[in-house]
Structure formats: C-alpha cells, structure tokens
Amino acid sequence: MPHSASSLRLELRAITKRYPGTLANDRIDLRISAGEIHALLGENGAGKSTLMKIIYGVTAPDSGEVVWQGQRVQVRDPAQARALGIGMVFQHFSLFETLTVAENIALALGRDAGTPKQLEPKIREVSQRYGMGLEPERLVHSLSIGERQRVEIVRCLMQDIRLLILDEPTSVLTPQEVDELFVTLRALAAEGCSILFISHKLGEVRALCDSATVLRGGRVAGACVPRECSDLQLARLMVGDAEGLEASYPKASGGLTRLRVDDLSWHNLDPFGTSLDRLRLEVRSGEIVGIAGVAGNGQDELLALLSGETRLPRGERERITLDQQPIANLHPDVRRRLGMAFVPAERLGHGAVPDMSLADNALLSSFHQGLVGHGMVRRGRVEALAENIVRRFGVKTPDIHTLARSLSGGNLQKFILGREVMQQPTLLVAAHPTWGVDVGAAATIHRELIALRDAGAAILVISEDLDELFQISDRLGALCSGRLSPLKATAHTTLTEVGRWMAGEFDNPAAA
Amino acid sequence: MLLTLEPRLQQSRRHLLLSPLLAALLTLLCGALLFAALGHDPLATFHTLLIEPVQDFYGVSELLIKAIPILLCALGLAVAYQARIWNIGAEGQLLIGALAGSALAINLLDWDSVLALPAVILTGVLAGALWAALAAWLRTHFNANEILTTIMLNYIALNLLLYFVHGPLKDPEGFSFPQSAMFADASRLPTLFDDVRLHAGFYLVLLAAVAVWVLLSRSFLGFQVRVLGLDSRAAGLMGFREKRLVWLALLISGGLAGLAGVSEVTGPIGQLVPQVSPGYGYAAITVAFLGRLNPLGIIVAGLLMALLYLGGENAQMTLNLPQSLTELFQGMMLFFLLACDLLILYRVRLGSWFRPATRKHTEHAPA
C-alpha cells in the first residue's frame with residue numbers, strides 16, 4: 001500500500017450507486033492522500049460524474065463507505081461537504097453575469113461570510129497567493145472564461161478547503177490559460193490541499209497528476225501513475241481495445257473552393273454577444289479547415305450565419321458563397337438542398353429534438369433525401385435511414401423509437417453526425433464534433449470526417465479542442481473577439497502559434 | 001418528505017393510457033362526495049347525469065349534436081397546440097363563423113340552389129380563419145402573445161354578434177326578438193334520420209378528424225408543426241419557417257372553429273341567435289387536452305364533454321341542481337388529468353423515511 005493511513009485525506013470503499021437501468025458505480029474504491037493531485041479518468045458514462053456527486057453530497061450512494069480524514073462520514077448535501085472542507089468547481093459555471101466578482105462570491109458563501117465589500121481584501125489575497133489575477137469589483141460578464149473559472153476556484157478557496165474537485169476544468173481554456181491553472185493547482189497541492197482532477201485529456205493528466213484512477217463502465221478499470229504511462233496505455237484502460245485511438249491522418253490540400261466567406265461583418269445586438277469583424281475564409285473540396293478559439297469569441301454567431309439561422313439582407317448575400325452561388329440571404333432548408341449540412345454545438349434542443357424518437361430525428365434534417373413524397377412522410381424510408389445510421393455509426397440504443405434525450409451525449413453525437421454524413425453533403429459545418437464524447441466515439445467521428453473529406457466534401461470544424469484540430473484539420477485558424485486569424489496549413493503551424501491567435505495576437509488579415 | 005417524485009428515463013406508455021381513466025375515476029369520486037354533501041343520493045344523481053341522457057336513440061342523437069361543435073373546435077385546437085400556439089380564441093372564431101355564415105344565409109332566403117349551403121359554410125370557415133388570422137398577424141409582426149390577443153378577440157366577436165343580431169340582421173317580422181329570420185332550407189344542413197335532429201355536421205366532424213390525423217401524423221407539414229412545438233431552436237436550424245407554421249396552425253384552428261359556428265346556425269338552430277354557443281370554444285380546450293391532442297382521443301373526450309352538457313341540463317330540470325355543475329365537472333376533470341399526467345414522466349416513491357436501511361451504519365465511527 002503506497003498510502004499510510006494517517007495521511008489519507010479521502011477514501012472511498014466499495015461505493016455502489018444504481019440508477020434505473022444502469023449500475024453507475026460498481027464497488028468503486030478510491031484513495032487520495034493529503035497534497036496529492038489525483039486524476040479521475042474515464043469515458044462519458046463511465047461513472048465519473050456520479051462518483052463526484054457522491055463525494056460532494058449531491059447524491060447518496062446505495063452502499064459503500066466514504067471515509068474523510070479517518071472518519072466515516074455520510075455527506076448529505078453540498079453544504080455539509082463544504083463544511084468538511086470539500087470544494088468543487090463544476091464544468092458549467094454558476095455565476096451571475098450582471099454582478100461583480102465579489103458579489104458572486106458573497107452570494108455563494110452566504111450571509112455569515114460578510115458583505116461583498118468585506119470580502120474584497122480576502123479575495124485579492126487568495127487570488128494573489130495562488131497566482132490568479134482577479135479584480136473583485138469587475139462585472140462577471142466582462143471576464144473571459146478563464147477568469148470566470150478563477151472566480152469559481154477562488155470561491156472554493158475562500159473557505160478552508162482540504163479537497164478541491166475540478167470537473168474537466170481545461171475544456172474551456174486556451175493552452176496558456178491551462179498552464180496558468182496548473183501553476184495554481186501545484187501551489188495548492190504544495191500547501192497540502194488534495195485535488196481530484198477529472199479529465200479525458202491524457203496529456204494534461206500526465207503533466208499534472210501524481211496518480212490516476214481509471215473508470216470504465218462504472219468500475220475501476222485500473223490505477224496508475226500517469227507519468228509512467230503512454231497515452232495509448234491510458235486510453236486502452238479507458239475504453240478497452242478500440243481501433244483508431246492513436247490514428248494520424250495524412251493531410252490533404254483540397255481542390256476547388258466550395259465555401260467562401262468574404263469580408264463578413266455582423267453586428268450583434270446582444271450586449272453580451274460577440275460581433276463579427278471582417279471575416280475571410282475559404283474551404284475547398286477535399287479539405288478540413290479547423291477554427292480554434294475559446295467559446296464565446298464569435299463561434300455561435302459564425303455558425304448561425306453559415307447555417308442560415310441568421311441571414312443577411314439580400315444586398316449582402318455575396319458575403320457567403322457556396323460554389324460561387326451567393327447564399328448569405330437563404331434559409332437553412334434551401335442551403336441544405338444546395339448540399340450543405342450542419343452539426344451544431346448543442347445536441348439536445350438544437351441538433352436533435354429531445355422528445356422525438358431517433359427515427360423522427362433522422363427525418364429532421366434529411367427531409368430532402370427522398371423521405372417526403374407529395375407532402376407525406378415516407379415512414380418506411382425514414383425508419384430504414386435511422387436503422388442505417390444506428391448500424392453504420394455504432395449508436396448504442398435499444399431501437400430507433402427511443403427518444404433522443406435518453407441517449408448518452410456521445411451516442412447522440414454519433415447519431416447526429418451520422419445523419420449529416422449520410423446526406424453526402426458537399427459542405428459540412430461541424431461545431432465541437434467530439435465535445436464531451438468518449439475516446440472511442442471520438443475516434444469513430446474523426447474517421448468518418450476524414451472519409452467524408454477524402455470523398456471530396458469540404459468540411460469546416462469549429463472546436464475548442466486543439467489536439468483534435470491538429471489531428472484532423474488540413475488548415476487551421478482561430479477566432480478571437482469576433483476576428484479570425486489567418487489560416488495556415490496545419491503542418492506549418494504550432495500549438496504555441498495557434499494559442500497566440502486564440503488570445504488575439506495576430507494582424508487583422510482584412511487590414512493587411 | 002414521505003413521498004418523492006423521481007423522473008422516469010422514458011415516458012410511461014401505460015400511464016399515458018391510464019392517466020385519463022384515473023382522472024375520470026377521481027372526478028366521479030369527488031362528484032359523489034359533492035352530491036352527498038348537497039343532500040342527493042350520489043348513485044341516483046350519476047344516473048340522471050350520465051346515463052339517462054343517452055338511454056334512447058334520440059338521446060344519442062342529441063349527444064352527437066352537442067359534440068359536433070365541440071369536436072370541430074377541439075380538432076383545430078389540436079393542430080395549434082401541437083405547435084405550442086395557445087389559441088384560446090376558438091369561441092370567438094366560432095361566433096364570427098356563425099355570424100358571417102348567417103349574414104350570407106339571410107341574403108339567400110329565396111335562392112333555392114344546391115350551391116347555397118356550400119357558399120354559407122365556406123363563408124363561415126373563411127370568417128373563422130380570418131378572425132384567427134388577426135391573432136397570427138399580431139404575433140408574427142409584433143410578437144404579440146396569442147393567448148392575450150385571442151382572448152380579447154373573443155369579446156370583440158361576442159359583441160359584434162350581439163350588435164348584428166340586435167341590429168342589421170334582426171328579423172323585421174320577428175316581433176323585435178333579437179334573432180334573424182329562419183334560413184331557407186337550401187342553406188340548412190340536412191338531417192340524417194327522420195325523427196331525430198342529428199345533421200350532416202356529423203360527417204364534417206369525421207372528415208375533419210381524418211384530415212387532422214393525416215396532417216399531424218402523416219404529413220411533413222404536421223411533422224414541422226410538432227418540431228416547432230417541441231423544440232423551436234431545432235426548427236430554426238432546419239429551416240422550418242416559424243411564421244408560416246404559426247399562420248398555418250392558426251388558420252386551420254380558426255377555420256374549423258368557424259365551421260363549428262356555421263354548422264350550428266345552419267344545423268340545429270336554423271337562424272342566428274345571441275346564444276349560438278354556451279362556451280363550446282372553451283370546452284374544446286379541455287377536450288383537446290383530455291384527448292392528448294390526438295384526433296381519436298379528442299373524439300372520446302368530446303363525447304364525454306357533450307354528455308356532461310346534456311347531463312347537466314337534465315340534472316337542472318329533474319333534480320334542480322345548478323347549471324354550473326357542468327363547469328365544475330369540466331374543471332375537476334382537467335385538474336385531475338393534469339395531476340395524473342405527472343405520473344407519465346415521474347414515478348412516485350416512498351420517501352427517505354424508508355430508504356436509509358442501506359446506509360444505517362455509516363454514521364458510526366470506525367471501530
């Protein structure tokens with residue numbers, strides 16, 4: 001046993017939690033020492049979230065024991081967890097945009113902690129001690145995502161914290177911000193605070209964590225020291241044997257220009273939204289163009305303009321052309337009939353209707369594929385298509401009459417991407433195609449994108465995952481504050497350069 | 001908490017069917033308590049209320065006559081509600097349909113042609129659709145909430161009807177009664193049997209039910225309507241035109257409500273009177289939801305609602321119970337249905353008093 005009993009901060013013994021239809025946690029053991037940075041690795045649906053919620057008191061386990069600093073405890077709710085010294089930073093922040101940093105923290109800490117004004121000195125002190133620059137008086141809506149995350153971390157650190165749980169904290173950060181976060185976390189650990197770091201980015205886990213517990217299918221698949229394992233070994237632990245995990249794809253150079261975005265500016269009326277400033281971009285047939293950037297820098301706006309949810313007036317329709325045909329004023333269904341397909345960032349509620357079956361969701365975007373005759377839905381063809389998608393893309397579902405919302409995120413994403421790929425589009429626009437998707441499903445999705453590219457389609461991928469973009473894109477650029485960096489062949493750029501673009505360090509190509 | 005609600009992973013199909021039955025049972029139970037409290041024998045009262053009215057063929061025919069306008073309105077509302085367009089204005093659309101149809105009919109008193117009836121009916125349908133179109137225009141151009149506009153249009157419609165029936169359309173030979181002249185036979189819906197009043201509006205209902213079913217369950221247009229109702233962002237991404245669908249849904253529901261109105265004046269009534277509708281358009285809202293926005297379910301619910309109307313009248317005459325009884329039953333029915341519908345998406349569990357058996361040891365410190 002590497003841990004001596006006295007320095008154990010948290011020990012989980014045989015934690016089991018059953019939900020209707022699934023065993024989310026099956027006799028899970030986990031040990032974290034004082035000052036240890038421990039990784040919890042696993043695919044989507046492996047049981048990471050359930051385990052976190054049990055530690056943080058959001059759900060109760062069906063059986064098993066939680067031992068906190070040598071004492072058996074029953075964590076009834078998050079308030080009790082915080083009283084014990086357990087803090088948690090969720091993937092999705094819970095901050096009020098119209099309030100200041102100090103007001104947000106005061107709200108979270110409760111009445112007894114003091115007024116926002118009284119808290120300000122401590123906020124400054126804590127944020128400086130751990131190298132996180134943060135101004136307590138600033139309004140949250142003016143903060144970058146990285147800064148907002150700091151607010152959440154500082155909020156935890158305002159109390160006497162002995163264990164900090166971070167749920168996929170790096171998914172929203174630029175590479176530089178990730179480095180800064182790691183400095184903070186190492187400083188915290190050096191003071192004896194334990195950290196439970198949940199992630200599926202293997203490189204980061206190796207760079208930061210002392211030890212790792214890998215979950216697969218609700219069970220502990222293995223424990224290891226990440227520094228001594230290769231990516232492939234870790235990935236194998238996470239997904240078992242799956243092909244394509246370490247695939248590298250040959251780069252392509254593309255043919256004729258399919259999509260051309262020419263000097264596209266768009267003013268956003270939403271004060272918290274992003275306006276687009278003179279974007280220029282070309283996507284050729286047979287190539288994948290990747291657009292990096294931290295969320296909220298104009299990705300949603302660009303996507304809406306490309307899909308036709310936002311349309312430009314007729315006079316400006318030449319701003320976006322498909323095969324030299326102006327389309328910026330056309331409705332989405334017309335664009336689809338011209339051969340475009342879209343995978344939006346949000347699966348449920350945008351890409352798929354949660355309360356409709358998979359069959360109906362297949363019809364949703366494929367209506368121009370011969371599924372409708374004389375205004376009537378051809379049920380047989382719709383169901384055949386849905387069956388086809390499920391089979392070819394390995395979507396795990398009881399049948400095609402299952403509601404979309406009962407599928408896991410990765411499975412639904414495979415279904416949506418499959419639905420669009422099956423249309424054999426000439427231009428596919430995909431946003432965050434593998435966000436929150438497990439390693440195995442991500443490999444499938446990447447393979448299909450490459451196959452579609454090799455069949456001659458033009459593909460535009462907007463993603464926050466740089467590893468993904470470097471793996472599959474032939475050319476790369478980044479969005480920052482509604483401006484687009486120059487696009488460069490992936491082979492001729494580096495992670496550092498793209499990181500600088502993401503922070504806005506590039507000449508506006510339109511000005512040059 | 002003793003009882004907790006736990007979300008189900010999937011809709012429970014069993015409860016989708018059971019919920020209306022359970023709601024009906026609870027309504028009967030509460031009704032029985034109510035009658036007992038009023039000093040009536042519950043069983044005898046139920047007999048008067050629910051069985052007596054349909055004991056003979058005449059009664060069944062009266063039931064169908066009552067159900068026709070309710071069903072026509074409810075079928076139209078189902079289209080709008082599937083798109084989550086909350087048209088509360090079936091009552092007003094019905095009244096305008098009746099008014100416009102009557103206005104034409106009393107100008108055709110001497111025209112003995114087979115075209116007279118279709119012309120009158122078509123006028124009623126178009127007028128109802130036009131009345132709903134006002135709400136569609138207000139919503140698509142000014143983003144005005146259709147719940148408010150359709151309710152307000154109901155009052156305007158009622159007062160328009162009253163004005164015309166007291167003024168321009170009043171029968172000059174009618175001894176100043178507020179009613180129009182009787183329509184010519186060429187403008188009347190024919191009756192289907194000799195000695196009962198059931199009229200051809202019955203066929204219109206069947207036609208409408210099939211048409212609405214085909215639209216909602218089989219056509220791509222109906223699919224778009226459902227997508228708009230369930231997830232308007234997905235509809236936007238796919239290019240389903242929200243404004244067009246709003247127009248379509250409101251025109252269909254307005255047209256069918258107008259048809260209900262004109263089939264009342266050309267059918268059982270035969271002239272325009274102020275009391276064309278005892279609230280059919282409002283009852284249809286309950287019927288649409290009781291029937292789960294599904295044509296077959298709506299027919300069942302509409303017959304039940306018509307029975308409550310007839311039974312209420314019967315109870316008023318023979319037992320001297322107030323007429324508001326009908327409304328009370330309608331209200332209870334909707335109330336219990338909504339409550340029981342919770343079971344479709346949630347399951348009820350005995351709360352944490354009984355559960356901690358699995359973790360009773362966890363509080364103790366380790367030995």
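Which elements of chain A cover the buried residues of α14(A)? I opened the notebook with this one, working on a predicted model.

**Entry 1: helix α14 of chain A**

I looked up the helix itself before its surroundings. Helix α14 of chain A runs over residues 439-454, which is 16 residues. From its first C-alpha to its last it reaches 22 Å, close to the 22 Å expected at 1.5 Å a residue. I then listed its buried residues, among them Val439(A), Ala443(A), His446(A), Leu449(A) and Arg453(A). The cover over the buried residues includes the helices α8 (231-239), α13 (409-421) and α15 (466-472) of chain A. It also includes the strands β13 (288-292), β19 (427-431) and β20 (458-462) of chain A. After α14(A) comes Gly456(A), and I noted its positive phi, near 105 degrees.

**Entry 2: the domains of chain A**

I found two domains in the assignment of chain A: domain 1 (8-239) and domain 2 (256-503). Their C-alpha centres lie 32 Å apart. Their contact takes 15 residues from domain 1 and 18 residues from domain 2. On the domain 1 side, α6 (175-190) and α8 of chain A each give two or more residues. α8(A) gives the most to that side, with three residues. By class, I read six nonpolar, seven polar and two charged residues on the domain 1 side.

**Entry 3: chain A against chain B**

How many residues does each chain bring to the contact? I noted 36 from chain A and 23 from chain B. On the side of chain A, the elements supplying at least two residues each are β4 (63-68), β5 (71-73), α10 (332-337), α11 (358-366) and β18 (376-377). α10(A) gives the most, with four residues. This side of chain A has 17 nonpolar, 12 polar and seven charged residues.

**Entry 4: chain B**

An unreviewed UniProt entry lists transmembrane regions in chain B, including residues 200-223 and 282-310. I checked these two spans in the model. Residues 200-223 are 92% helix and 0% strand, with end C-alpha atoms 31 Å apart. Residues 282-310 are 86% helix and 0% strand, and their end C-alpha atoms lie 16 Å apart.

Is Ser263(B) buried or exposed? Ser263(B) sits in helix α10 (residues 242-269) of chain B. I put it down as buried because 30 other C-beta atoms lie within 10 Å. Leaving aside neighbours within four places in sequence, Ser263(B) is in contact with Ile68(B), Pro69(B), Leu72(B), Leu189(B), Gly201(B) and Leu204(B). Last, I looked up Ala32(B): Ser263(B) and Ala32(B) are 231 residues apart in sequence and 36 Å apart in space, C-alpha to C-alpha.

Technical notes. Residues are numbered from 1 along each chain as its sequence is written. Chains are lettered from A and ligands numbered from 1 in the order in which they are written. This is a predicted model: local features need pLDDT of at least 70, side-chain atom pairs count only at pLDDT 80 or more; totals for chains, interfaces and linings use all residues. UniProt positions are given in the numbering used here, feature names are shortened, and annotations may be inferred rather than shown by experiment. A residue is buried if 20 or more other C-beta atoms lie within 10 Å of its own, exposed if 12 or fewer, and partly exposed in between; C-beta atoms are placed from the backbone. Two residues are in contact if their C-beta atoms, placed from the backbone, lie within 7 Å. Ala, Val, Leu, Ile, Met, Phe, Trp, Tyr, Cys and Pro count as nonpolar, Asp, Glu, Lys and Arg as charged, and the others, Gly among them, as polar. The expected span of a helix is 1.5 Å times one less than its number of residues. Domain bounds come from an automatic or database domain assignment.
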